[in-house]
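Colleague: I am new to reading protein models, and I would like to go through this one with you slowly. Could you show me the sequence and the structure before we start?

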Amino acid sequence: RSMFTQAVRWGLLTVNPAANARPPREQHSPIVPPDPAAVRALLASLDEDLALAAFVRMAATTGCRRSELCALQWDDLDLDRGVLTVTRAVDGAGGVKLTKTGQAKTMALDPATVAALVRWRAQLLELAMAVKAGTPVWVFPASRDLSRWVNPSTMSHRWARLRAEYDLDEVKLHHLRHFMASQMLAAGVDVRTVANRLGHANPTTTLRVYAHLIPEADRAAADDLGALLDGAASSAALRDSR
């Protein structure tokens with residue numbers, strides 16, 4: 001439609017033939033996030049593969065796309081403060097580009113994820129020193145060339161070899177984004193925060209994709225509020241009795 005509009009501006013067409021077209025409504029199947037117990041068990045098995053452990057943990061806690069994780073540089077991480085800034089992604093041609101929305105996103109990292117990154121960085125520095133590759137720039141470099149970023153499909157293949165052992169056969173690496181979103185929404189985290197981690201330019205997108213998970217979060221929030229009020233009432237009764 002935009003191309004035809006430009007053609008009209010240039011005088012190549014008199015009308016836009018796509019102006020009255022209406023695309024069919026998209027059909028979205030409800031997202032079923034990975035089982036938390038299976039994800040925990042898988043992570044616990046990755047003690048020896050520090051690179052994959054850090055990669056999978058970041059995918060499950062930040063909601064970043066695999067292309068964004070593959071394009072991370074150590075300068076994007078502040079491990080002392082536990083902060084990550086995402087500004088780029090690996091594109092389909094093997095180069096590096098801006099993120100899907102063209103905007104940077106900053107988010108906090110939990111202590112265990114920071115610890116996983118610290119362990120991986122120490123091992124990576126030893127490897128770089130052994131092959132005289134200099135200080136690594138990329139958080140997840142290619143195994144045969146530490147000066148380049150790892151290909152996203154490489155990480156997907158490594159994940160695929162592992163997931164079958166933990167009843168995660170149908171769970172792709174991309175689905176760890178859904179894991180993060182579902183867990184945060186169930187915990188009552190506001191949609192705007194979840195949208196920022198997912199890299200959605202508009203929280204409306206997050207609401208549309210994860211609408212079926214909102215009732216669960218609403219129930220949890222109601223239970224928490226009720227418990228808070230009951231606790232306050234109990235405390236008041238205790239003070240009155242004194």
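Colleague: Is Trp138 buried or exposed?

Modeller: This is a predicted model, in which local features need pLDDT of at least 70 and side-chain atom pairs count only at pLDDT 80 or more, while totals for chains, interfaces and linings use all residues. Residues are numbered from 1 along each chain as its sequence is written, and side-chain values use heavy atoms, with hydrogens and water left out. Buried means under 20% relative accessible area, exposed means over 50%, and partly exposed lies in between, with a 1.4 Å probe and protein chains only. Because Trp138 has a relative accessible area of 8%, the word for Trp138 is buried.

Colleague: How many aromatic pairs are there?

Modeller: Rings of Phe, Tyr and Trp (its six-membered ring) pair if their centres lie within 6.5 Å, and planes under 30 degrees apart count as stacked, over 60 as edge-to-face and the rest as tilted. By this rule, the number of aromatic pairs is 2.

Colleague: What kind of pair do Phe55 and Phe140 form?

Modeller: Both Phe55 and Phe140 are buried. Their ring centres are 5.1 Å apart and their planes stand at 75°, so the pair is edge-to-face.

Colleague: How many residues apart in sequence are the parts that Phe55 and Phe140 tie together?

Modeller: Helices (H or I, at least four residues) and strands (E, at least two) are DSSP runs, numbered from the N terminus. Phe55 lies in helix α3 (residues 50-62), whereas Phe140 lies in the loop between α5 (111-130) and α6 (152-163), so the parts tied together are apart in sequence by 85 residues.

Colleague: What is the angle between the planes of Trp138 and Trp149?

Modeller: Trp149 counts as buried, at 16% relative accessibility. Trp138 and Trp149 form an edge-to-face aromatic pair, with 4.9 Å from centre to centre and an angle between the planes of 70°.

Colleague: Which residue has its charged end over the ring of Trp149?

Modeller: A charge sits over a ring if NZ of Lys or CZ of Arg is within 6 Å of the ring centre and within 35 degrees of the ring normal. At 4.4 Å from the centre of the Trp149 ring, the charged end is that of Arg148.
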